[in-house]
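Dear colleague,

My notes on it follow directly after.

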Amino acid sequence: MSSSTPSQTVEHIVLFKVKENTDPTKINTMINSLNRLISLDSVLHLNAGALYRTKSSPIPFTHMLHSRYSSKENLSAYAVHPSHVSVVKESVQPICDDVMAVDWVTDDLNAGGSLVPPPGSAIRLSFLKLKEGLGDEVKDEILGLIKGIKGKYGGIHQISCGENFSARAKGYSIASLAVFPGLSELDSKEELVNLEKAKFRDYLQSLIVLDYVVQPSTSTL
């Protein structure tokens, strides 16, 4: 696994809705099994755990996985790897009511920066479902606004955004991921970031906004 930043990075987010009253031991098994997939050769970064906060979502997701790859081919290799298939079949499917996956290619991570957000980093995820009939120029405008947020406000370590290519994204077509040093930095920029995103709310049919705190790699959750 390399932590240096390639020219392009493929982002892979999976959101899980664990069934109510699930035995916590089974949840721990799912999270630990997912985190062990970091050992696969095609994976540059992988971290899974419970969501910290739901700001906006029509589906009450409870957990998430974030992983990174150097190419779509490596993401595909991860998806069909026997270890991944086994974890999904044995640990995920039996306890989850719903699963959503969002994938995109980003080329604007910090040059020379790390692909691995340090433990304790806060991640703000935003997924946009646009109104029907909007053209590519609207998508380009939205992506441009998102990319510009980092330059306007300090305290944001990385911003990654792009157009989804997963068939399991439930119609959400624009994705963004912002990495902050910690929750205090995320919370201090909340109002400013919301002001920027208000510029494209007229284009939205639905919006998912979730916060996640990166877990230690040795976490037993």
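**Findings in the predicted model**

In β4, Met64 is the bridge partner of Leu15. Helices (H or I, at least four residues) and strands (E, at least two) are DSSP runs, numbered from the N terminus, and two strands pair if DSSP finds at least two bridges between them. Strand β1 (residues 9-18) and strand β4 (residues 63-69) run antiparallel and are joined by seven bridges.

The model is predicted: local features need pLDDT of at least 70, side-chain atom pairs count only at pLDDT 80 or more, and totals for chains, interfaces and linings use all residues. Residues are numbered from 1 along each chain as its sequence is written, and side-chain values use heavy atoms, with hydrogens and water left out.

**Confidence**

The chain has a mean pLDDT (the predictor's confidence in each residue, from 0 to 100) of 90, and 91% of its residues reach 70 or more. Over residues 1-5 the pLDDT is below 50, although this stretch has 18 contacts (heavy atoms within 4.5 Å) in the model beyond near neighbours in sequence. Where pLDDT is low, the predicted coordinates should not be read in detail.

**The sheet and its helix**

An open sheet of four strands, paired antiparallel, has the order β2-β4-β1-β5. Its edge strands, each pairing on one side only, are β2 (45-50) and β5 (96-106). From one strand to the next the twist averages 10 degrees; axes are lines fitted to C-alpha atoms, for helices over the stretch in contact, and angles run from 0 to 180 degrees between N-to-C directions. Helix α1 (residues 24-35) packs on the sheet and touches β1, β2, β4 and β5, and its direction makes about 170 degrees with that of β2.

Strands β2 and β4 run antiparallel and are joined by six bridges; in β4, Arg68 is the bridge partner of His45. Five of the six residues of β2 are buried, so this strand is largely enclosed by the rest of the structure. Here buried means under 20% relative accessible area, exposed over 50%, and partly exposed in between (1.4 Å probe, protein chains only).

UniProt, in an unreviewed entry, places the feature "domain: Stress-response A/B barrel" at residues 10-104 and 122-221; such positions are given in the numbering used here, feature names are shortened, and annotations may be inferred rather than shown by experiment. Over residues 10-104 the chain is 34% helix and 37% strand, with the end C-alpha atoms 6 Å apart.

**Nonpolar cores**

A nonpolar core is a set of buried Ala, Val, Leu, Ile, Met, Phe, Trp, Tyr and Cys residues joined through side-chain atoms within 4.5 Å. The largest has 22 residues, and those with the most contacts inside it are Met30, Leu34, Leu65 and Tyr78. Two or more residues come to this core from each of β1, α1, β2, β4, α2 (72-80), α3 (82-92) and β5. Another core, of 21 residues, lies apart from it and includes Leu15, Trp104, Phe127 and Ala175.

**Individual residues**

Asn21, in the loop between β1 and α1, has a positive phi of about 65 degrees although it is not a glycine. Asn21 counts as exposed, at 81% relative accessibility. Lys170, in the loop between β7 (158-163) and β8 (174-180), likewise is not a glycine but has a positive phi of about 60 degrees. Lys170 is partly exposed, with a relative accessible area of 36%.

Ile59 lies in the loop between β3 (53-56) and β4 and counts as buried, at 17% relative accessibility. Not counting residues up to four places away in sequence, Ile59 touches Lys17, Asp98 and Lys170.

With kind regards
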